[in-house]
Amino acid sequence: MPTLLIQNCSVLVVPETGECRVDESQDILITDGKIASITPTVPQAPADDLETLDATGLLAVPGLINAHTHSPMVMMRGAAEDLSIDNWFNQKIWPMEMNLTPERVRVGARLACAEMLLAGVTTFVDHYFHAEQIAQVAIELGIRANLAPTFFTSTGPESREAAFEAARQIRALGNNRVTASLGPHAPYTVSEEDLRRTAEVAQSENFRIHLHAAETQDQTTSSQSQHGATPIQILHRTGILESGALIAHACGLVNEDLPLLAEYADRTTIATCPKVYLKLAMGPTTPIKQLQSANVPVAIGTDGAAVHNTLDLWESLRLTALTQKHQEQDAEWMSLSQTLRLATRNGAQASHQNTGTLTPGRQADITLVDLSSPHNQPLHNPLAALVYSIRPTDVVHVVVDGEVVVHDRTLTTADLTEILTQANGVAHTLVDLTKPGAVQRYAP
Ligand SMILES: [Zn+2]
């Protein structure tokens, strides 16, 4: 892989604790896909064998990490609006998912990866069906991905085993940007027997697990009355927590869940997706303050665009800061630095990647943004711009694994017009509700 030199940019430094800062006038040297050095800019002609990227006037931030999504659901963007969570699932999404085919999933994943890269997302942590198609798309577009092939208990042990096999096949691709996890849907759609089997496979084959749990307080109450245990207690007694899990949402946590999560804090990450909680009126958001006091890291996701409408992680991190301040009634909580850490460093933990900060030795996943537009000026505080005023269109260049995959706001790996034409050509087939049945019924 050629060596790349990003010249004359500012660099966002995200420390493990404490305040983020911006270092001005830096050069980032990348070799073998990793950051080799970050040094003050020296005005000199670089060596002939260096590829260079002039980043004068731009700010380099760690590539954003979308810690929980269902990428192909961009195909249902805007097709299920103003609905309760029950009706969203039962009247729209799960009947629509009867229409999934490998080809339609591939087309949706291409649109999703294009949207994410152009908005500065360099890694997405995905949970969906036909994940082998999504793997091919991630490789094609050059984005980093951790993919969890999804299953429900209602579709039988064959679909469970097929999902495990899909994870093995993704791993067997041997691509360093694409990794796999196991993807049971949630404790309310997957039996304890199947969760135990998932934990067994995860531990014997060294996979992590990505699933939804405790999405709402109602789910927790109903789990307690049906199973005598909270969703987190079920993950504990089935070995899921011990295996290492990325848990989406966890808005319905109760006090007795925290010690269980704390016991496995070294291998657990929670993904919060606040726009979804607001839009589906799901009640309180993820209790990040309590999780943090139990040392459980929290990262930020969009969830699927069938509810979130975008895969814009800037929007998600902004809503994380706002909803956290509101929920805690504490304007000093979820500071700029805390919010940026969730979307970068903690995202790297969620995706099990050596990314998330611009530090020598880390994989070179870098988003270069231009903060000169009116909505960011005057720039008293670049951290405030990154959390509260930036737009995805301020992203200029994106580097993944040392490769420039977005140059001057244009994908270098695929043709966006073709991606849009293809997506619009099949979008109607995915939202068609004439087929009887549904892939699942929401009744937690
Ligand atoms: Zn989800």
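Start by selecting Arg21 in this predicted model: with 46% relative accessibility, Arg21 counts as partly exposed.

Next, go to Asp32, in the loop between strand 2 (21-31) and strand 3 (34-40). Phi of Asp32 is near 50 degrees, which is a positive value in a residue other than glycine. Asp32 is exposed, with a relative accessible area of 61%.

**The zinc site**

Select the zinc ion and the side chains of His68, His70, His212 and Asp303. The ion is coordinated by NE2 of each of His68, His70 and His212, and by OD of Asp303, at 2.1 to 2.4 Å. What makes the arrangement irregular? The four donor atoms subtend angles of 79 to 171 degrees around the zinc ion, so the arrangement counts as irregular. Along the chain, the donors follow the spacing H-x1-H-x141-H-x90-D. His68, in strand 6 (residues 64-69), and Asp303, in the loop between strand 14 (298-300) and helix 12 (305-308), are 235 residues apart, and the pair links distant parts of the chain. Both His68 and Asp303 are buried.

**Helix 2 and its surroundings**

Select residues 102-118, which make up helix 2. The helix has 17 residues and reaches 24 Å from its first C-alpha to its last, close to the 24 Å expected at 1.5 Å a residue. Helix 2 is mostly covered, with twelve of its 17 residues buried. Colour the buried positions: Val105, Val107 and the run from Gly108 through Ala109, Arg110, Leu111, Ala112, Cys113, Ala114, Glu115 and Met116 to Leu117. Just after the helix, Gly120 takes a positive phi of about 90 degrees.

Now select Thr429, in helix 17 (residues 416-430). Its side chain is joined to that of Arg104 by a polar contact of 3.2 Å. Leaving aside neighbours within four places in sequence, Thr429 is in contact with Asn99 and Arg104. Thr429 counts as buried, because its relative accessibility is 18%.

Move to helix 4 (156-172). Helix 4 has 17 residues and reaches 25 Å from its first C-alpha to its last, close to the 24 Å expected at 1.5 Å a residue. The buried residues in helix 4 are Gly156, Arg160, Ala163, Phe164, Ala166, Ala167 and Ile170.

**Salt bridges**

The model has 21 salt bridges by the rule applied here. Side chains of opposite charge can pair when their charged atoms come close.

Select Arg177 and Asp401, which form a salt bridge with the closest N and O atoms 3.4 Å apart. The pair links distant parts of the chain, 224 residues apart: Asp401 lies in the loop between strand 16 (395-400) and strand 17 (403-407), and Arg177 in the loop between helix 4 and strand 9 (178-180). Are the two residues buried or exposed? Asp401 is buried, with a relative accessible area of 3%, and Arg177 counts as buried at 10% relative accessibility.

Glu192 forms a salt bridge with Arg196, and the closest N and O atoms are 3.7 Å apart. Arg196 counts as partly exposed, at 40% relative accessibility. Then show Arg144, Arg177, Asp365, Asp401 and Glu403 together: salt bridges that share partners join these residues into one network.

**Two backbone stops**

Select His352, in the loop between helix 15 (345-351) and strand 15. Phi of His352 is near 55 degrees, a positive value in a residue other than glycine. At 33% relative accessibility, His352 counts as partly exposed.

End at Pro378, in the loop between strand 15 (366-369) and helix 16 (382-389). The peptide bond that joins Gln377 and Pro378 is cis, with omega about -10 degrees.

Technical notes: Residues numbered from 1 in each chain as written. Predicted model: local features only at pLDDT ≥ 70, side-chain atom pairs only at ≥ 80, totals over all residues. Heavy atoms only, no water. Helix = DSSP H or I, 4+ residues; strand = E, 2+ residues; numbered from the N terminus. Expected span 1.5 Å × (residues − 1). Buried < 20%, exposed > 50% of the residue type's maximum accessible area, 1.4 Å probe, protein only. Polar contact = N/O pair within 3.5 Å; in protein donor to acceptor, adjacent residues only side chain to side chain. Contact = heavy atoms within 4.5 Å. Donors = N, O, S within 2.8 Å, 3.2 Å for Na, K, Ca; no water. Tetrahedral: all angles 85-135°; square planar, octahedral: opposite > 155°, others 65-115°. Salt bridge = Lys/Arg side-chain N within 4 Å of Asp/Glu carboxyl O.
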